[in-house]
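The reader may wish to follow each contact in the structure while reading.

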Amino acid sequence: MTVKIALLYVLKTIGIILGIVALYVIMALLLPLIEVSADHTTQPKDIPIYIYTNGVHTDIVMPVKNDLQDWSTKIPFSNTKSKSTDYNYIGIGWGDKGFYLDTPTWADLKFSTAFKAAFWLSDSAMHCSYYKTMKEAEDCKMIMISRDQYKDLVKFVEDKFDRDQNGNFILIPTNAVYDVNDAFYDAKGKYSFLNTCNTWANDALKAAGQKAAWWTPSDVGIFRHYK
(Lines give C-alpha, C1' and ligand atoms only; values in the text may rest on other atoms or scores of the structure.)
Protein backbone atom coordinates (compact mmCIF):
# COMPACT_ATOMS: atom_id res chain seq x y z
CA MET A 1 0.00 0.00 0.00
CA THR A 2 1.45 3.33 -1.05
CA VAL A 3 1.63 6.35 1.23
CA LYS A 4 -0.97 8.10 -0.94
CA ILE A 5 -3.50 5.27 -0.58
CA ALA A 6 -2.87 5.01 3.16
CA LEU A 7 -3.42 8.74 3.52
CA LEU A 8 -6.70 8.50 1.61
CA TYR A 9 -7.90 5.74 3.98
CA VAL A 10 -7.00 7.90 6.98
CA LEU A 11 -8.78 10.92 5.55
CA LYS A 12 -11.87 8.86 4.72
CA THR A 13 -11.93 7.44 8.24
CA ILE A 14 -11.64 10.90 9.75
CA GLY A 15 -14.38 12.13 7.43
CA ILE A 16 -16.73 9.32 8.47
CA ILE A 17 -16.08 9.98 12.17
CA LEU A 18 -16.67 13.72 11.75
CA GLY A 19 -19.82 12.99 9.75
CA ILE A 20 -21.20 10.75 12.52
CA VAL A 21 -20.41 13.40 15.13
CA ALA A 22 -22.07 16.11 13.05
CA LEU A 23 -25.17 13.95 12.49
CA TYR A 24 -25.40 13.22 16.21
CA VAL A 25 -25.18 16.90 17.10
CA ILE A 26 -27.92 17.74 14.60
CA MET A 27 -30.12 14.97 16.00
CA ALA A 28 -29.46 16.11 19.57
CA LEU A 29 -30.48 19.66 18.68
CA LEU A 30 -33.50 19.02 16.46
CA LEU A 31 -35.23 15.82 17.64
CA PRO A 32 -35.86 17.12 21.20
CA LEU A 33 -37.90 19.94 19.63
CA ILE A 34 -40.50 17.42 18.46
CA GLU A 35 -43.02 17.04 21.28
CA VAL A 36 -44.85 13.82 22.05
CA SER A 37 -48.22 14.94 23.41
CA ALA A 38 -49.63 13.70 26.69
CA ASP A 39 -52.25 10.95 26.47
CA HIS A 40 -55.85 11.88 27.18
CA THR A 41 -57.32 10.45 30.36
CA THR A 42 -60.67 10.85 32.08
CA GLN A 43 -59.25 9.86 35.46
CA PRO A 44 -58.44 12.52 38.05
CA LYS A 45 -54.79 13.50 38.04
CA ASP A 46 -54.11 13.40 41.76
CA ILE A 47 -50.67 11.77 42.04
CA PRO A 48 -47.68 14.15 41.97
CA ILE A 49 -44.43 13.12 40.33
CA TYR A 50 -41.42 15.28 39.51
CA ILE A 51 -38.68 15.51 36.96
CA TYR A 52 -35.48 16.62 38.66
CA THR A 53 -32.08 17.36 37.12
CA ASN A 54 -28.67 17.95 38.63
CA GLY A 55 -27.72 19.85 35.47
CA VAL A 56 -26.79 16.74 33.51
CA HIS A 57 -28.89 13.82 34.66
CA THR A 58 -32.70 13.63 34.99
CA ASP A 59 -34.40 11.59 37.72
CA ILE A 60 -38.05 10.61 37.97
CA VAL A 61 -39.22 11.47 41.50
CA MET A 62 -42.26 9.71 42.98
CA PRO A 63 -44.01 9.40 46.35
CA VAL A 64 -42.25 6.88 48.56
CA LYS A 65 -45.57 5.29 49.44
CA ASN A 66 -49.20 5.34 48.44
CA ASP A 67 -51.88 2.68 48.05
CA LEU A 68 -50.44 1.68 44.65
CA GLN A 69 -46.76 1.32 45.49
CA ASP A 70 -44.43 1.30 48.48
CA TRP A 71 -40.91 1.84 47.15
CA SER A 72 -39.36 1.45 50.61
CA THR A 73 -40.15 -2.27 50.56
CA LYS A 74 -38.06 -2.72 47.41
CA ILE A 75 -35.47 0.00 47.96
CA PRO A 76 -35.01 -0.17 51.75
CA PHE A 77 -34.19 2.96 53.74
CA SER A 78 -31.57 0.83 55.50
CA ASN A 79 -29.51 0.72 52.28
CA THR A 80 -28.76 4.44 52.61
CA LYS A 81 -26.09 5.85 54.92
CA SER A 82 -28.65 7.84 56.91
CA LYS A 83 -31.03 4.89 57.32
CA SER A 84 -33.67 7.52 58.04
CA THR A 85 -37.28 6.43 57.51
CA ASP A 86 -38.96 9.84 57.29
CA TYR A 87 -38.43 10.46 53.58
CA ASN A 88 -41.48 11.27 51.47
CA TYR A 89 -40.13 11.04 47.92
CA ILE A 90 -37.79 8.84 45.96
CA GLY A 91 -35.88 9.86 42.84
CA ILE A 92 -34.82 7.11 40.47
CA GLY A 93 -32.53 7.39 37.48
CA TRP A 94 -30.85 4.93 35.14
CA GLY A 95 -27.33 5.36 33.84
CA ASP A 96 -23.88 4.00 33.14
CA LYS A 97 -22.40 2.12 36.10
CA GLY A 98 -18.90 3.44 35.44
CA PHE A 99 -20.04 7.04 35.42
CA TYR A 100 -22.04 6.55 38.61
CA LEU A 101 -19.41 4.72 40.64
CA ASP A 102 -16.07 5.83 39.22
CA THR A 103 -16.73 9.46 38.33
CA PRO A 104 -17.77 11.45 41.42
CA THR A 105 -16.87 14.71 39.60
CA TRP A 106 -16.16 15.61 35.96
CA ALA A 107 -12.50 16.00 36.95
CA ASP A 108 -12.43 12.27 37.68
CA LEU A 109 -13.72 11.27 34.26
CA LYS A 110 -11.42 8.88 32.45
CA PHE A 111 -11.32 8.39 28.69
CA SER A 112 -11.84 4.65 29.18
CA THR A 113 -15.01 5.26 31.22
CA ALA A 114 -16.44 7.67 28.65
CA PHE A 115 -15.54 5.39 25.73
CA LYS A 116 -17.13 2.33 27.32
CA ALA A 117 -20.27 4.29 28.19
CA ALA A 118 -20.63 5.71 24.69
CA PHE A 119 -20.29 2.39 22.89
CA TRP A 120 -22.33 -0.16 24.86
CA LEU A 121 -19.26 -1.60 26.62
CA SER A 122 -20.15 -1.27 30.29
CA ASP A 123 -22.96 -2.21 32.66
CA SER A 124 -25.73 0.06 33.88
CA ALA A 125 -27.09 0.95 37.29
CA MET A 126 -30.10 2.53 38.97
CA HIS A 127 -29.42 5.50 41.23
CA CYS A 128 -32.06 5.85 43.95
CA SER A 129 -32.22 8.94 46.16
CA TYR A 130 -34.66 9.66 48.98
CA TYR A 131 -35.95 13.18 49.68
CA LYS A 132 -38.01 14.67 52.50
CA THR A 133 -39.45 17.49 50.39
CA MET A 134 -39.51 18.56 46.76
CA LYS A 135 -39.57 22.19 45.67
CA GLU A 136 -40.44 23.32 42.17
CA ALA A 137 -37.75 25.36 40.42
CA GLU A 138 -35.98 25.49 37.07
CA ASP A 139 -34.38 22.14 37.86
CA CYS A 140 -37.50 20.52 39.31
CA LYS A 141 -40.97 20.36 37.76
CA MET A 142 -44.09 18.77 39.22
CA ILE A 143 -46.44 16.74 37.01
CA MET A 144 -49.84 15.52 38.17
CA ILE A 145 -50.79 12.11 36.79
CA SER A 146 -53.66 9.66 37.13
CA ARG A 147 -53.63 6.34 38.99
CA ASP A 148 -53.42 4.28 35.80
CA GLN A 149 -50.62 6.49 34.51
CA TYR A 150 -48.77 6.01 37.79
CA LYS A 151 -49.17 2.24 37.52
CA ASP A 152 -47.64 2.38 34.03
CA LEU A 153 -44.77 4.54 35.32
CA VAL A 154 -44.06 2.18 38.22
CA LYS A 155 -43.98 -0.81 35.87
CA PHE A 156 -41.60 0.98 33.50
CA VAL A 157 -39.22 1.90 36.32
CA GLU A 158 -39.35 -1.50 38.03
CA ASP A 159 -38.69 -3.32 34.76
CA LYS A 160 -35.30 -1.59 34.47
CA PHE A 161 -33.99 -3.04 37.74
CA ASP A 162 -32.05 -6.27 37.60
CA ARG A 163 -33.21 -8.85 40.15
CA ASP A 164 -31.78 -11.75 42.11
CA GLN A 165 -33.23 -15.29 42.09
CA ASN A 166 -35.82 -14.23 44.67
CA GLY A 167 -37.01 -11.29 42.59
CA ASN A 168 -35.36 -8.62 44.76
CA PHE A 169 -33.54 -5.56 43.45
CA ILE A 170 -29.77 -6.08 43.67
CA LEU A 171 -27.95 -3.53 45.82
CA ILE A 172 -24.48 -2.48 44.63
CA PRO A 173 -22.22 -2.36 47.71
CA THR A 174 -20.19 0.85 47.35
CA ASN A 175 -19.04 3.92 49.21
CA ALA A 176 -19.30 5.96 46.01
CA VAL A 177 -22.71 7.32 46.91
CA TYR A 178 -23.48 11.00 46.44
CA ASP A 179 -24.96 11.70 49.88
CA VAL A 180 -26.47 9.99 52.93
CA ASN A 181 -29.83 9.44 51.23
CA ASP A 182 -28.96 7.38 48.15
CA ALA A 183 -27.92 3.93 46.95
CA PHE A 184 -27.14 2.13 43.70
CA TYR A 185 -28.71 -1.02 42.25
CA ASP A 186 -27.89 -3.24 39.29
CA ALA A 187 -29.88 -2.45 36.17
CA LYS A 188 -30.75 -3.91 32.81
CA GLY A 189 -29.60 -2.53 29.49
CA LYS A 190 -26.54 -0.83 28.07
CA TYR A 191 -25.84 2.88 28.16
CA SER A 192 -24.67 4.54 24.93
CA PHE A 193 -24.58 7.90 23.19
CA LEU A 194 -27.97 6.96 21.71
CA ASN A 195 -29.45 5.65 24.96
CA THR A 196 -28.52 7.96 27.82
CA CYS A 197 -29.80 8.56 31.34
CA ASN A 198 -31.99 11.35 29.97
CA THR A 199 -33.27 9.19 27.14
CA TRP A 200 -34.46 6.74 29.81
CA ALA A 201 -36.18 9.48 31.85
CA ASN A 202 -37.82 10.78 28.68
CA ASP A 203 -39.07 7.28 27.88
CA ALA A 204 -40.41 7.00 31.44
CA LEU A 205 -42.58 10.07 30.81
CA LYS A 206 -43.85 8.51 27.60
CA ALA A 207 -44.69 5.31 29.46
CA ALA A 208 -46.73 7.39 31.91
CA GLY A 209 -48.58 9.12 29.08
CA GLN A 210 -46.94 12.50 29.70
CA LYS A 211 -45.43 15.13 27.45
CA ALA A 212 -41.95 14.25 26.27
CA ALA A 213 -39.42 14.86 23.55
CA TRP A 214 -39.52 12.53 20.57
CA TRP A 215 -35.94 11.64 21.54
CA THR A 216 -33.32 13.40 23.61
CA PRO A 217 -29.88 12.60 25.03
CA SER A 218 -29.95 15.63 27.36
CA ASP A 219 -31.99 16.98 30.26
CA VAL A 220 -32.59 20.19 28.29
CA GLY A 221 -34.59 18.21 25.75
CA ILE A 222 -36.95 17.07 28.51
CA PHE A 223 -37.34 20.29 30.46
CA ARG A 224 -38.04 22.45 27.42
CA HIS A 225 -41.49 20.81 27.28
CA TYR A 226 -42.25 21.73 30.91
CA LYS A 227 -41.44 25.44 30.96
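A salt bridge is taken here as a side-chain nitrogen of Lys or Arg within 4 Å of a carboxyl oxygen of Asp or Glu. The model is a predicted one, in which local features need pLDDT of at least 70 and side-chain atom pairs count only at pLDDT 80 or more, while totals for chains, interfaces and linings use all residues. Residues are numbered from 1 along each chain as its sequence is written, and side-chain values use heavy atoms, with hydrogens and water left out.

**Salt bridges**

By this rule the count comes to 9 salt bridges, and the table lists some of them.

| Glutamate 158 | Lysine 74 | 2.4 Å |

The side chains of glutamate 158 and lysine 74 meet in a salt bridge at 2.4 Å, N to O. Since glutamate 158 lies in helix H4 (residues 147–160) and lysine 74 in the loop between E3 and E4, this pair ties together parts that are 84 residues apart in sequence. Glutamate 158 is buried, at 12% relative accessible area, whereas lysine 74 counts as partly exposed at 29%. Lys74 and Glu158 are also linked with Arg163 in a network of salt bridges.

Aspartate 86 belongs to the loop between E3 and E4 and lysine 132 to the loop between strand E5 (124–131) and strand E6 (140–145), so the pair ties together parts 46 residues apart in sequence. Aspartate 86 is partly exposed, with a relative accessible area of 41%, and lysine 132 is partly exposed, with 43%.

Lysine 97 is partly exposed at 23% relative accessible area, while aspartate 186 counts as buried at 18%.

**Aromatic rings**

Rings of Phe, Tyr and Trp (its six-membered ring) pair if their centres lie within 6.5 Å, and planes under 30 degrees apart count as stacked, over 60 as edge-to-face and the rest as tilted. A search of the whole structure finds 10 aromatic pairs. One of them is the edge-to-face pair of tyrosine 50 and tyrosine 89, 5.7 Å centre to centre with 90 degrees between the planes. Tyrosine 50 is in strand E2 (residues 47–53) and tyrosine 89 in strand E4 (residues 89–96), 39 residues apart, and both tyrosine 50 and tyrosine 89 are buried.

The rings of phenylalanine 77 and tyrosine 87 have centres 6.3 Å apart and planes at 40 degrees, so the pair is tilted. Phenylalanine 77 and tyrosine 87 are both buried, and ring pairs link Phe77, Tyr87 and Tyr130 into a cluster.

Technical notes: Helix = DSSP H or I, 4+ residues; strand = E, 2+ residues; numbered from the N terminus. Buried < 20%, exposed > 50% of the residue type's maximum accessible area, 1.4 Å probe, protein only.
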